Amino acid sequence: MKMDWINELRNFGARSEDVVVLEGNQSPSILPYLDLVEGRSKRPLLMPEAVVEVQHQPLLYLYSEAHFSVDQQFDNRLSQIKRLMAMRGDAALIGILRHGVLELHSTGLTSKKDNQPVDIRQQDVDAGWLIPRLAQGNSPVPFGEKLIETELFRLLEESAKELREAGLPVAEIVSLTGRAVFLRFLLDREILPRNQPVPFLALGNCSPDSAFDNPQNAAATCLWLDQTFNGDLLPLPNKDLNAYFDSLLQGKNGNHIFKALQAILHFDDPLGDGVYQGRFNWEDLHLAHVPVGLLSQVYERYMEMFYPKERKATSAYYTPRHIAEIMVDEAFFGLELPHRAKVLDPAAGAGVFLVAAFHKLVEARWRQEGKRPNRAVLREILNQQIRGFDVNCHALKLAALSLYLTRLELDPEPSPMEALRFESLQGKVLFNWSSADHSEQDLLSPVAGSLGDHVGSEHNGAYDIVIGNPPWSAHDKGHKNLKKVYTDVSRRVAVSRQIPNADRYTNPDGVPDLPFLWRAMEWARPGGRIAFALHGRWLFKQSKQGIQSRNAILEALNITGILNGAALRSTEVWPRVTAPFCLVFAENCLPNLNAGFFFVSPQLDPALNKEGRLRIDAQAAEPVLRRDVIDKPWLLKSLFRGNRLSSSVIDKIKCRNWPTIEDYWKENKLALGEGYQSTASGTIDASYLKGRLDVNAFYEAHPFSISQEKLVEFQFTHIYRRKKTEIFQQPLVLVREGSRYDRNRGRALLVKNLNEIIYSVSFFGFSCFGSPQAALLAQYVLILFHSKFFLFFQLATSSRFGVERDASLTEDLRRMPFVPIESLNSSQKEQIISFANQMITDPSSPPWEEIDELVAEIYGLNRWDRQVIDDSLTMDLPDGTEESKQASIPCSNEQKAAFKNALHASMDPFFSVTGRELNISLCDNGNTKPWVFIDIDTSGQLPQVSDNLSPNILDKADDLMVSRIIQTWESYPGCLRVGILDQARYWTVTQARLLAADLLRNYGHQLEQGR
């Protein structure tokens, strides 16, 4: 009897749209699982029957009991299944459904005894919440370790090392290892029979597993590959292949070359130092089930290995395939005639975006024509609709290999072999714009590449989608010519779009990522799509040049969405990348006056992120007007490290037009500046500072003031730059480099009535000498820098604090709004003196609450503003702090109660005026994780709806990754049920106020319908 997977899985919380049934399915939904569908004819007992997805990524591979009814040892077959599913490289589980019980297993290339299965029974009260919990990263069994990428990379790395030690150049290493991978792909896909002799090897009686055993077999194998497929695919330097491979054998470590190629062919386990351990069975690693997108990801990392200096010079970072797939899906969404789209990746690398785009184009053609594309259509798509640019000829070879493998992977009938010949892609589909002679030395130097004038005008306006991950980082010194190219390219496009002051546009930081964005505006057709992964710096810059650059892009391009991944750096979402990143989506046209975009900042979520997943939560996407970002340069940062209410607090402060602290100091002719910098190469005579007491980075004697007896005399004879002695005059406040979260340790030091001092570059000094109220001014600054408001302002506006640094910069400090001391009343001044004295005399118990209240009064902040500040500093501090770790843990009963009370207080006034009674109650019964539910009622009827929560509420969710679900009932107007993700960050008083505003705006009319 055929399993009704959709209904069976609904009992465990799966939404019907997330279930892909594989058996008998002829729709494009099976495209990511063609290897599993087609594998049913060869290994039917190992292939799953259905898949549960979350955000288009597999979460659960499903098998029915019938899979295990045939007489075969259960454990042996299950072990094979675990390995097979692990080869797909997903953070997914295996589920076996039998008699209303879903048995969960981890995938894995190796069996682990501690990974015991867990049974979930359909009648369990929390069974209906199982799959939502899995989607949120909360699994009763461990998700399988994604080792397949590591295994493949280790094998390629070790083999490449052997070939390099044998003296082979990179070009030959790439071609030889690529050929071994390609042959293994043909064998695993059974395009080339494995268990019978092949005619192209010596005497025609050798099996393909000896293809690279010796020079004769290697030459015959490579000749057959060239004749059958495409000799330009992975070219070798000598057309006489017998002579070539004989010369390899005669060279240094010649035997090691063939040993390494055989290791790739057999997927032997590299043990290091050129030693490999053979696998018991070919099936141990099966390339038929490794997605080509994953291979492309491995290839990109492979290229980094050859050119670590080039990676730094050209800032090339490989792109995880799931990031590429997310971007491709978004770029295609809503596109007119997606099946005819032409796609360009101008920084293609090893082709991970091109492979994802190839899949998407095939899916679109399948949907359009109602049938699976055949080989002719696949060739047409590849040759006519896909283009890739790069400056690395070796990476482009691997991109070609990835695209060829994808074509074979998608071919419904990959036979006969003579019909599979590939057309050359170089110069037609893939373009090398290095403007160099392709020598290895040239590849170590950055070039203009795709941004150069040698890219023909035939590419202008030629593409429906321009997508990719261009270089992010600044070049080393000595590349002024490239920096000029970047500015010239950007300025040319800005001028063509008639952007204000376009002729004076300067590319910030000398980095190529934004010039690629400008150049994409020429390559994409009018109204086409642009999608780039960029360094996140450009979103938050507060410098004059940075703001002008961001504003120019917002004026020139209709940005539709930005995913800010700054919180996810240094996680498995983008492994080995420590820089903040963002994904930018746009339509290639000028924005209208009221244009806006959605801005979403996935937060650090350890349970998900360790599996390489991220929460793309539609509920957390903030609609942002373009003109607001231009008018308020701090807006995106305040939304990232806060929310709409955080932004409103900053707006409130900015509207007062107070001077910055730097402006106040300059207007009053006071001195300020960084301390001295000692350096081995210092050339400035420091004798004028001799005899002064030195305050250096190691001073910890008192958290808030300088104790003279703990200082020693200045020791250096030379310093880097001469410092004016005015900045050392007392009274003086020294602000430590970076903001300490724990203010009990001290953020600033008061210096007064001491002998002459000097301070190091670890401090920024504000000298109050010369002010009519010098002593009071110093105490005022000391109080201000230790307030919550100070840290909040840095967090909400700094371009780097909370983005790529865990401390604020001097430039952030200087921009701090400053209420002039002359505007303070006598009571405020008295409190400043009192609180500063308490900090100095009793540093163990500073009056923090009173200080925060005073600073809030001075800056005109009300209790709601202070609540926003408190919540931001509790939940939104930089990732890795203790506070940020608390943000993702389940909320306490006290937090829930405070949230409920704040929600009621915010909503009740809107109903009490009409005589309606608002009732809000928690209805969490302990079985609904990952969400906690709240009932909101103005009708008095909600208790009649249901005492127990049903998983059917999930049908109201657009996705299982959302942080909020809202349920309504037509028959019970005046009632709402709201599910909120059980993480502390969503249960603050500020979040309650935001929820109240959303509910009143979107559901207020319904709530008024009761009674």
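The legends below walk through several close-up views of this predicted model.

**View 1. Helix H14 and its surroundings.** Helix H14 spans residues 375-385, and its buried residues are Arg 375, Val 377, Leu 378, Ile 381, Leu 382, Asn 383 and Gln 385. What do these buried residues pack against? Their partners are strand E9 (343-345), helix H13 (352-369), strand E10 (386-390) and helix H15 (393-410). Look also at the start of H14, where a side-chain oxygen of Asn 374 comes to within 3.2 Å of the backbone nitrogen of Ala 376.

**View 2. His 459 in its loop.** His 459 belongs to the loop that links helix H16 (440-443) to strand E12 (463-468). Is His 459 buried or exposed? His 459 is buried, because its relative accessible area is 5%, under the 20% cut-off. Setting aside neighbours within four places in sequence, His 459 touches Phe 389, Phe 431, Trp 433, Glu 522 and Trp 523.

**View 3. Val 447, in the loop between H16 and E12.** Val 447 is partly exposed, with 26% relative accessibility. Where in space is Leu 482 relative to Val 447? The two residues are 35 residues apart in sequence, and their C-alpha atoms are 7.1 Å apart.

**View 4. Strand E13 and its partners.** Strand E13 covers residues 524-535 and is largely enclosed by the rest of the structure, because nine of its 12 residues are buried. E12 and E13 run parallel and are joined by five bridges; in this pairing, Ile 465 has Arg 529 of E13 as its bridge partner. Strand E15 (residues 581-587) runs antiparallel to E13, with seven bridges between them. Here Ala 531 is bridged to Phe 585 of E15.

**View 5. Two cysteines without a disulfide.** How many disulfides does a search of the whole structure find? The search finds zero. Cys 393 is in no disulfide, and the nearest cysteine sulfur, that of Cys 222, is 19 Å away. Cys 393 counts as buried at 15% relative accessibility, and Cys 222 counts as buried at 0%.

**View 6. Helices H31 and H36 crossing.** Two packed helices are described by the angle between their axes and the distance between the axes. For H31 (residues 863-875) and H36 (residues 989-1007), the axes come within 8 Å and cross at roughly 120°. Trp 864, Gln 867, Val 868 and Asp 871 of H31 meet Val 989, Thr 990 and Arg 993 of H36. Three of the residues in this contact are nonpolar, two are polar and two are charged.

**View 7. Backbone details worth a second look.** Most residues other than glycine have a negative phi, and most peptide bonds are trans. A cis peptide bond joins Ser 415 to Pro 416, with omega about -5°; Pro 416 sits in the loop between H15 and strand E11 (430-432). Another cis peptide bond joins Gln 730 to Pro 731, with omega about 0°, and Pro 731 is in the loop between strand E22 (718-719) and strand E23 (732-736). His 56 is not a glycine, yet its phi is positive, about 65°. His 56 lies in the loop between strand E2 (50-54) and strand E3 (57-64), and is exposed at 62% relative accessibility. His 99 has a positive phi near 50° and is exposed, with a relative accessible area of 72%.

Terms used:
Residues numbered from 1 in each chain as written. Predicted model: local features only at pLDDT ≥ 70, side-chain atom pairs only at ≥ 80, totals over all residues. Heavy atoms only, no water. Buried < 20%, exposed > 50% of the residue type's maximum accessible area, 1.4 Å probe, protein only. Helix = DSSP H or I, 4+ residues; strand = E, 2+ residues; numbered from the N terminus. Contact = heavy atoms within 4.5 Å. Polar contact = N/O pair within 3.5 Å; in protein donor to acceptor, adjacent residues only side chain to side chain. Disulfide = S-S within 2.5 Å. Pairing = 2+ DSSP bridges. Axes fitted to C-alpha atoms, helices over the stretch in contact; angles between N-to-C directions. Nonpolar A, V, L, I, M, F, W, Y, C, P; charged D, E, K, R; others polar.
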